[in-house]
Amino acid sequence: MTPRLFFHPLASYCWKALIALYENDTPFEPVIVDLGDPAAREAFLKVWPLGKFPVLQDTSRDWLVPEATIIVEYLDRHYPGRSRLVPADPDRARQARMRDRFFDNYVMTPMQKIVGDRIRPAGMRDLFGVDEARAQLRTACAIVEQDIGARWAMGDDFTLADIAAAPSLYYADKVAPLTQDFPKTAAYLERLCGRPSFARVIEEAGPYFRFFPAEPLP
């Protein structure tokens with residue numbers, strides 16, 4: 001049986017799992033989870049009581065794999081394809097994992113803080129926390145701007161590092177546009193968006209973008 005992926009097309013961490021699956025044309029059964037639907041939520045909680053996605057269920061190996069980065073590593077190990085997502089060389093693998101954690105922790109996390117604050121009830125917003133998040137996001141983007149080359153995060157090979165960069169930079173650009181202050185990073189994001197695996201994820205998320213809490217930036 002093919003693995004099942006529990007996800008939502010708008011969720012940034014779910015994009016990491018989808019990119020990995022599409023990058024190597026890995027067959028899978030998509031299960032879109034609407035946590036706002038009580039029945040869908042209850043069914044998903046029976047699979048993963050923490051209620052966080054993405055989750056990969058591989059019944060052929062009797063494995064339940066939560067967490068986006070671990071899913072990418074699992075797919076690279078058990079469903080390899082034309083793209084080696086985690087380099088075979090131990091030092092390069094460590095570098096790819098370090099970059100994965102960098103994009104998740106220092107780009108994705110402050111971006112989500114900014115976006116999450118937009119949907120808080122009136123009078124409950126955390127302006128101080130948002131200012132901190134914006135500062136951290138700018139610092140992280142400055143590091144990317146200095147570090148990124150002309151192709152991918154690890155040079156010529158598309159890896160776990162790029163899979164992490166794609167959703168984090170895509171959404172970061174929505175809350176703090178990259179082009180003016182970080183042109184190399186913006187160019188990298190453009191290359192990522194042109195990658196067929198990521199382009200497919202963006203296209204499939206299209207109908208759901210109306211739910212993204214966009215608002216004029218100060």
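Reply: The model is a predicted one, and in it ring pairs link Trp15, Tyr170, Tyr171, Phe198, Phe209 and Phe212 into a cluster. The count of aromatic pairs comes to 15; one of them joins Trp15 and Phe209, whose ring centres are 6.3 Å apart and whose planes stand at 75 degrees, so this pair is edge-to-face, given that angles over 60 degrees count as such. That pair links distant parts of the chain, since Trp15 belongs to helix α1 (residues 12–23) while Phe209 lies in the segment after α8 (196–205), 194 residues apart. Trp15 is buried, with a relative accessible area of 0%, whereas Phe209 is partly exposed, with a relative accessible area of 25%. Phe209 also pairs with Tyr170, and here the ring centres are 6.1 Å apart with the planes at 20 degrees, so the pair is stacked. Tyr170 itself is buried, with a relative accessible area of 11%.

Two charged side chains also sit over aromatic rings in this model: Arg200 lies over the face of Tyr22, at 3.7 Å from the ring centre, and the charged end of Arg195 sits over the ring of Phe158, 4.2 Å from its centre.

Terms used
Residues numbered from 1 in each chain as written. Predicted model: local features only at pLDDT ≥ 70, side-chain atom pairs only at ≥ 80, totals over all residues. Heavy atoms only, no water. Phe/Tyr/Trp six-rings, centres within 6.5 Å; stacked < 30°, edge-to-face > 60°. Helix = DSSP H or I, 4+ residues; strand = E, 2+ residues; numbered from the N terminus. Buried < 20%, exposed > 50% of the residue type's maximum accessible area, 1.4 Å probe, protein only. Lys NZ or Arg CZ within 6 Å of the ring centre and 35° of its normal.
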